[in-house]
Amino acid sequence: MKRLICLILSLLLLTGCGKSETEQPEEEKLIVVGISQVGAESDWRVANSESMKSVFTEERDYRLLFEDARQIQENQIIAVRRFIQQRVDYIVLMPLSETGWDSVLQEAWDAGIPVILVDRMVDVEDDSLYAAHVGSDFYAQGRKAVTWMERKFRNSSEAVNIVHIQGTPGSTAQLGRTNALEDGLTAHENWNLLARLDGDFTQAKTYEVMSRYLGTLPPEQGIDVVYCENDNEAFGAIEALERYGYQCGTDVNVICFDATRNALKLCMEGKIALTVECNPLLGPLVEEIIQTMEAGQIPQKQHYIEEKQFTSRNLTQQIIDSREY
Ligand code: AHR
C-alpha cells in the first residue's frame, strides 16, 4: 500500500500538480496572438504574413494562431470569433474590406481582448473597438502616382487615355488609391478614363479582365497610362498588353503600388514606369504595440509608415538586391 501511495505522489509531482503558483509551465508564459490574414493574393500579402510569422515565435515568447481567410470576409469573422473563444491575449486583424466589423469587434471588446488592425482600416462607429492601427496611407500613395502623371503629361493638351485596374472593392487600399485617381481625373480635363476594371489585386484576374478589354478595342486605340492598384495587377496587365502588341515603357506607362522586388526589376527594365512603395514588413511594429500594452501603457492609435516611390531613374541594382520582398 505504502509503495502505491509513493507511486501516486511521484506521478502527481511529475505531471506538475505539486508545483507552486510562481512555477507556471512554459506554455502559460507565452503571449497568445491570433492573426486573421486576408489571404495570399499578392506578393505583398505573402511578405506581410512572413513578417508576422517571423516575429511571433515561441523563441520570442509568443504563441501564434494564424488563420488565412482566402479573401472571404466571412472567414475572417469566424476566425475572430474562434480567437475570442480560445481566449487569446491579442487579436491582429488585416481586414479585407472596411465595413461589416462592428459586431465582431464589439464581441472582442466585451471579452476584453485588444484588437490591433494591420494594413487596411475598418469603418466602425466606435473607434475604441480597436486598440491601434498600423499600415499605409493609401490616399497619399495614390497622390504620389497622380503627381507623377501630372509631371509626365504637364505639356500635353491632348487626351491622356487611362485604364484603371482596381483592387478588392471596399478595401482601404482600393478606396485610397481610387480616390486619388478620381481627384486627378476631376482636376485635369484632358485626362480620359477609358475603362475601369476589377483586378482584385491578383495577377491572374487582371490578365483575364485586361485581355478581354483589349480584345474589344480598335487597333488604333492609344493607351497612355494603366493605373494598377498593386504590383501583381501590373504583372497581369503587362502580360495582356504585350499579347495585344502594346509596348510597355514606350506606348504605355504602367503605374502600380507595393514596390516588390519583381516590380522593381520590371521598373529597371523600363516596363513599369512607376511603382509606389507599400511596406508589408509590419510584424515588428505590431510587436511594439503589444509590448506597449504588456507594459500597461496605451499605444498610439494610428501608425502610418514612411514610404518611397521608384522609377528607373532612382533605382539601382543594389536597391533591388537588398529588397526583402
Ligand atoms: O492592402 C495592401 C494591398 O493589398 C497591397 O497593395 C496589395 O498587394 C495587397 O494585396
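The charged end of Lys53 sits over the ring of Phe66, at 4.4 Å from the ring centre, where "over" requires NZ of Lys or CZ of Arg within 6 Å of the ring centre and within 35 degrees of the ring normal. The structure is a predicted model, in which local features need pLDDT of at least 70 and side-chain atom pairs count only at pLDDT 80 or more, while totals for chains, interfaces and linings use all residues. Residues are numbered from 1 along each chain as its sequence is written, and side-chain values use heavy atoms, with hydrogens and water left out.

**Exercise 1.** Find which residue lies over the face of Tyr130, and at what distance from the ring centre.

*Solution.* Start from the ring of Tyr130 and look over its face, where Lys301 lies at 4.5 Å from the ring centre.

**Exercise 2.** State how many aromatic pairs a search of the whole structure finds, and classify the pair of Tyr227 and Phe257.

*Solution.* Step one is the count, which is two aromatic pairs; rings of Phe, Tyr and Trp (its six-membered ring) pair if their centres lie within 6.5 Å, and planes under 30 degrees apart count as stacked, over 60 as edge-to-face and the rest as tilted. Step two takes Phe56 and Tyr62, whose ring centres are 4.8 Å apart with 85° between the planes, an edge-to-face pair. Step three turns to Tyr227 and Phe257, with centres 5.5 Å apart and planes at 70°, so this pair is edge-to-face. Step four places Tyr227 in strand S8 (residues 225-228) and Phe257 in strand S9 (residues 253-258), so the pair ties together parts that are 30 residues apart in sequence; strands are DSSP runs (E, at least two residues), numbered from the N terminus.

**Exercise 3.** Work out which way the residues of strand S5 (residues 132-135) point, and whether they are buried or exposed.

*Solution.* In a regular strand the side chains alternate between the two faces of the sheet. In S5, Ala132 and Val134 point one way and His133 and Gly135 the other way, and all are buried, buried being under 20% relative accessible area, exposed over 50% and partly exposed in between (1.4 Å probe, protein chains only). Next come the neighbours: three bridges join S5 to strand S4 (residues 115-118), and the two run parallel, where pairing needs at least two DSSP bridges between strands. Leu117 has His133 as its bridge partner in S5. Three bridges also join S5 to strand S11 (residues 302-304), again in parallel, and Val134 stands opposite His303 there.

Methods: Helices (H or I, at least four residues) and strands (E, at least two) are DSSP runs, numbered from the N terminus.
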